[in-house]
Amino acid sequence: MLVLLPPSEGKAAPEAGVPVDVARLSLPGLTGAREKALAALVELSAGDQDRAAEVLGLSPGLRGELAKNAGLLTAGARPAGEVYTGVLFDNLGLAKLDGAARARAERALLVFSGLWGAVRITDRIPPYRCAMGVKLPPLGALGGYWRGVLDGVLPEVAADGLVLDLRSSAYAAAWKPAGAVAARTATVRVLHEREADGVLKRSVVSHFNKATKGRLVRDLLTAGLEPASPGELVEALGQLGHRVEVSARGTERKPWQLDVVVAEVH
């Protein structure tokens, strides 16, 4: 099972220590593209501050992120599983997993990134600010930049197992499973079901979508369940107490779409 996650916008504070060694990150087929993206982000962030803030979409209160970006080549690195924070990762709770669940997480989880393309949770990286939606000079739109590289790397990583795709739309643009991989890929939508005026209504949730997805992954990891297909995933999540409905079955052109229905939003 391969689980695709979005990164968090917030990152843990930088710390002193050994800087990132791009050549030692997992998925070595991405090394050259990572080096180019890193050099471009450092150059942009060390230059004209107004232009850099505009390109990166930073508000005045986030201008301090430019100094962090400018120092990425020497900043202390730490495991990506510690760098990424936020709702999804808080609910996933990597630090609280036991040894067996942690080992499964290290094998299964892949976090997408505007700067690194995709990383394992064990990859040591510094905190940075660069979303996938950025048009980074001179590379252009990062979604398209990474898609050209990831298309040649990720099918092999996915192998012949289940791909559970929990990415947001911006990060999903960086790699779209195709062919046989698409047919065994499952995307997840979280729906809030509630009664209003005697009628059950459903709505798509946003902020709490991340919390639910984090809990889904945590439950699979702690239970030791590693479904091999979207159908087995539906069964496994049902066993774990989640209400899951198949909205659309996958084909070689389109992944499965699963709806996780929640009665309480938290």
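This is a predicted model: local features need pLDDT of at least 70, side-chain atom pairs count only at pLDDT 80 or more; totals for chains, interfaces and linings use all residues.

Residues are numbered from 1 along each chain as its sequence is written, and side-chain values use heavy atoms, with hydrogens and water left out.

Start with helix α2, residues 49-56. Helices here are DSSP runs of H or I with at least four residues, strands are runs of E with at least two, and both are numbered from the N terminus. The buried residues of α2 are A52, A53 and L56. Buried means under 20% relative accessible area, exposed means over 50%, and partly exposed lies in between (1.4 Å probe, protein chains only). The three cover an arc of only 100° around the axis, so they sit on the same side of α2. That arc is taken from the directions from the helix axis to the C-beta atoms. An α-helix has 3.6 residues a turn, so residues three or four places apart point the same way. The buried residues of α2 pack against α1 (31-46) and α3 (64-70). Contact means heavy atoms within 4.5 Å. On the face turned away from the buried side, α2 carries the exposed residues D50 and E54.

Now look at the ends of α2. At its start, a side-chain oxygen of D48 comes to within 3.1 Å of the backbone nitrogen of D50. After the helix comes G57, with a positive phi near 70°.

Helix α6 spans residues 99-108. Its buried residues are A101, R104, A105 and A108. They fall within an arc of 105° seen down the axis, so they line one face of α6. D98 caps the N-terminal end, with a side-chain oxygen 3.2 Å from the backbone nitrogen of A100.

Next come the pockets. On a 1 Å grid over the protein atoms alone, a pocket is an open set of points with protein on both sides within 12 Å along at least five of seven lines; a cavity is a set where a 1.4 Å probe fits but cannot get out; lining residues have an atom within 4 Å of a point. Points are joined across faces, edges and corners, and a volume is the space filled by probe spheres set on them.

The largest pocket holds about 670 Å³. Of its 31 lining residues, P6, P7, S168, Y171 and K210 are the closest to the centre. The elements giving two or more residues to this lining are α5 (87-92), α9 (169-172), β9 (185-196) and α11 (207-223).

The second largest pocket has a volume of about 280 Å³. It is lined by 15 residues, with F89, G93, L94, A95 and K96 nearest its centre. Helices α4 (80-83) and α5 each give two or more residues to this lining. The largest share comes from α5, with 4 residues.

N91 belongs to α5. Its side chain makes a polar contact of 3.0 Å with that of R215. A polar contact is a pair of N or O atoms within 3.5 Å; within protein, one must be able to donate a hydrogen and the other to accept it, and residues adjacent in sequence count only if both atoms are side-chain atoms. Not counting residues up to four places away in sequence, N91 touches A211, G214, R215 and R218.

Last, the structure holds 1 cavity of 30 Å³ or more. The lining of the largest cavity consists of M1, R104, A108, L221, L225 and E226.
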